[in-house]
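Biologist: Hi! Could you walk me through this one?

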Amino acid sequence: MDSIHAQSYAKIVENGVQAIEEVNRLRGTGYTKEDIYVISHNQEREDRIVDAADTNEVGMHEEGLFGSIANLFRSRGDELRSKIVSLGFTEAEADFYEKELDMGKVLVIASRTPS
């Protein structure tokens, strides 16, 4: 995904500092807090970056009730793939991004609701 004006945009970055820089860049192009998500394999790390960058978290609104409940019983990898798919990506894309997250990287997603 390379177009910043697409419905769903994703970028893999190496660390939290780069994630915050990418969030700020996205805000500069018109995305809002509600449009931007940060995902990391480590939940504590993800929470720290989300707080520092003031972004949205993937939750029931994006995944739906059943997806959110199912995540309680999924492995972290399955949960992450489900969240990525809920933001408009294919299963294959979610697999790719989750493998990158396995290597300690951070995923920044901007997803706009169609108007």
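This is a predicted model: local features need pLDDT of at least 70, side-chain atom pairs count only at pLDDT 80 or more; totals for chains, interfaces and linings use all residues.

Biologist: Is E22 buried or exposed?

Modeller: E22 is buried, at 4% relative accessible area (buried is under 20%, exposed over 50%, partly exposed in between, with a 1.4 Å probe and protein chains only).

Biologist: Where is E22 found?

Modeller: In helix α1, residues 16-28. Helices (H or I, at least four residues) and strands (E, at least two) are DSSP runs, numbered from the N terminus.

Biologist: And which residues does E22 touch?

Modeller: Y9, K11 and V108, not counting residues up to four places away in sequence; contact means heavy atoms within 4.5 Å.

Biologist: New topic: which residues of the largest nonpolar core touch the most other members?

Modeller: L26, V38 and V108, out of 14 residues. Such a core is a set of buried Ala, Val, Leu, Ile, Met, Phe, Trp, Tyr and Cys residues joined through side-chain atoms within 4.5 Å.

Biologist: What stands opposite V38?

Modeller: V108 in β3. The strands β2 and β3 pair in the antiparallel sense over five bridges; pairing needs at least two bridges found by DSSP.

Biologist: How many residues of β2 are buried?

Modeller: Five of its five. I36, V38 and S40 point one way, Y37 and I39 the other.

Definitions and conventions: Residues are numbered from 1 along each chain as its sequence is written. Side-chain values use heavy atoms; hydrogens and water are left out.
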